[in-house]
Amino acid sequence: MPPKTKGKGKKTGAQKKKENAGAGESGWTALGLFAALRRDEARRAKASEEQLRQRLQVLEAELEEARSESKAIYAEMSRQCQALQKEMETRSRQLEEEVTGLREQLETCQKEAKAAGQEAEQALGERDQTLAQLRAHVADMEAKYEEILHGSLDRLLAKLRVVKPQWDGAVLRLHAKYKEQLRQFGLNPLDL
């Protein structure tokens with residue numbers, strides 16, 4: 001709407017034409033301005049849309065990268081987990097085999113120790129039996145030797161009893177003979 005004028009009265013034709021021309025120009029100007037605003041708004045909306053699209057692409061790329069990193073991390077962790085699991089299984093198997101081997105060794109050692117103990121007991125028993133037999137044999141031999149010795153001594157004493165009177169007579173004769181010989185040499189046998 002055109003601005004109101006303070007003056008009263010009628011307007012002339014030239015003034016009306018000017019006003020109509022001005023009103024036509026301002027009408028066109030308002031439409032142009034409105035169209036320019038619409039174009040500017042559309043341009044800004046398009047630029048904003050482009051920025052949002054670029055931002056969306058960046059975010060999608062970051063999301064894809066994050067997903068890729070997550071997959072890579074998961075794959076690495078899964079690989080490490082599987083490697084650790086295999087390592088643990090291998091170690092567990094090794095330990096089980098080692099335990100089985102040690103149990104077998106222990107069982108063998110126990111059997112050998114038991115057998116050695118039995119052999120030692122048997123050897124000690126045999127030794128004790130042999131010692132008992134030897135002691136009995138020694139005691140028997142001692143008894144026989146004692147018997148033989150006593151018999152021999154008894155026989156010797158019997159022979160000596162038989163021979164003693166003869167020896168006594170022979171000794172007395174020798175004694176008297178030697179006494180006489182000493183006297184012949186002028187020696188006293190009691191001084192010697």
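Glu-49 counts as partly exposed because its relative accessibility is 42%, on a scale where buried means under 20% relative accessible area, exposed over 50%, and partly exposed in between (1.4 Å probe, protein chains only). Its partner is Arg-53: the two form a salt bridge with the closest N and O atoms 2.8 Å apart. Here a salt bridge is a side-chain nitrogen of Lys or Arg within 4 Å of a carboxyl oxygen of Asp or Glu. Arg-53 is partly exposed too, at 40%. Both residues sit in helix α1, 4 residues apart, about one turn of the helix.

Before going further, keep in mind that this is a predicted model, where local features need pLDDT of at least 70, side-chain atom pairs count only at pLDDT 80 or more, and totals for chains, interfaces and linings use all residues. Residues are numbered from 1 along each chain as its sequence is written, and side-chain values use heavy atoms, with hydrogens and water left out.

Zooming out, the protein chain comes to 1 helix and 0 strands, both read from DSSP runs numbered from the N terminus (helices are H or I, at least four residues; strands are E, at least two). Helix α1 spans residues 13–184. Of the chain's 192 residues, 1% count as buried. The accessible surface is about 18200 Å², with 59% of that belonging to carbon and sulfur atoms; such areas come from the Shrake-Rupley method with a 1.4 Å probe, and for residues only the protein chains shown count as cover.

Back to the charges: the structure holds 9 salt bridges. Side chains of opposite charge can pair when their charged atoms come close. One of these bridges joins Arg-43 and Asp-40 at 3.1 Å, N to O. Those two are about one helical turn apart because they are 3 residues apart in helix α1. Arg-43 is exposed at 53%, while Asp-40 is partly exposed at 28%.

Leu-149, Leu-153, Leu-156, Leu-157, Leu-160, Trp-167 and Val-171 make a nonpolar surface patch of about 660 Å². Patches are made of residues with over 30% relative accessible area and no salt bridge, joining like charges within 9 Å and nonpolar side chains (Val, Leu, Ile, Met, Phe, Trp, Tyr) within 5 Å. Leu-157 is partly exposed, at 42%.
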